[in-house]
Amino acid sequence: MLVSCFTNSFVPHSVEQALPRIKAAGLEHVEIALRRAGDPAAGPEPPDEALLDRWQQLLADLDLNVASASIMSGDPRSSEVQTITLDKLRMAARLGARIAVANAGEADNPEEKELLYAFHRRTGDLAGELGLTVAFETHPGLCESW
């Protein structure tokens, strides 16, 4: 059986602070939030190369596996957020995740809905190339209804 803990469960602590706590709880798998700051409200900025390297080393030192990664980065209608999300998808694969958790977004009209669908197709294509599955959160918008 695979059980993991989301690093956001330890907010306002950073990912680096959360990982030892997850290991201390007896778990071997994590869902890692791909963001720089400890507070998710601080912004969607992805980790830089140096931070990713530190996380990889810490994961190895703690013998933790990344089961999934949160690649949520804000409103996916934004081209900037789309770029960040695709970058985070690549980071998720680098860390060994097999599942990437994303925000499907909200569409206020048919044009926005098509924009989101086009982006999700691009995301799915890249995820397939990387060996990842994308799972959408059940947030308001396209995936609001469970």
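Which residue of β5 stands opposite Ile-99? The legends below answer this and then look at other parts of the fold.

**View 1. The model and its confidence.** This is a predicted model in which local features need pLDDT of at least 70, side-chain atom pairs count only at pLDDT 80 or more, and totals for chains, interfaces and linings use all residues. Residues are numbered from 1 along each chain as its sequence is written, and side-chain values use heavy atoms, with hydrogens and water left out. The protein averages a pLDDT of 92, and 94% of the residues score at least 70, where pLDDT is the predictor's confidence in each residue, from 0 to 100.

**View 2. The open sheet.** Five strands form an open sheet in the order β1-β2-β3-β4-β5, with parallel pairing; strands (E, at least two residues) and helices (H or I, at least four residues) are DSSP runs, numbered from the N terminus, and two strands pair if DSSP finds at least two bridges between them. Because β1 (4-6) and β5 (133-136) stand at the edges with a single partner strand each, one side of each is left without a neighbour in the sheet. Neighbouring strands of this sheet are turned by 25° against each other on average, direction ignored.

**View 3. Strand β3 and its partners.** Five of the six residues of strand β3 (residues 65-70) are buried, so β3 is largely enclosed by the rest of the structure; buried means under 20% relative accessible area, exposed over 50%, and partly exposed in between, with a 1.4 Å probe and protein chains only. Strand β2 (residues 29-33) pairs with β3 in the parallel sense over five bridges, and Glu-31 stands opposite Ser-68 in β3. Three bridges join β3 to β4, which also run parallel, and here Ser-68 has Ile-99 of β4 as its bridge partner.

View 4. Strand β4 (residues 99-102) is joined to β5 by four bridges, and the two run parallel. Thr-133 is the residue of β5 that Ile-99 stands opposite.

**View 5. Helices α3 and α4.** The axes of α3 and α4, which are lines fitted to C-alpha atoms over the stretch in contact, with angles from 0 to 180 degrees between N-to-C directions, come within 10 Å and cross at roughly 20°. The helices α3 and α4 are therefore roughly parallel to each other, a term that covers angles under 35 degrees.

Terms used:
Parallel < 35°, antiparallel > 145°, perpendicular 65-115°, else oblique.
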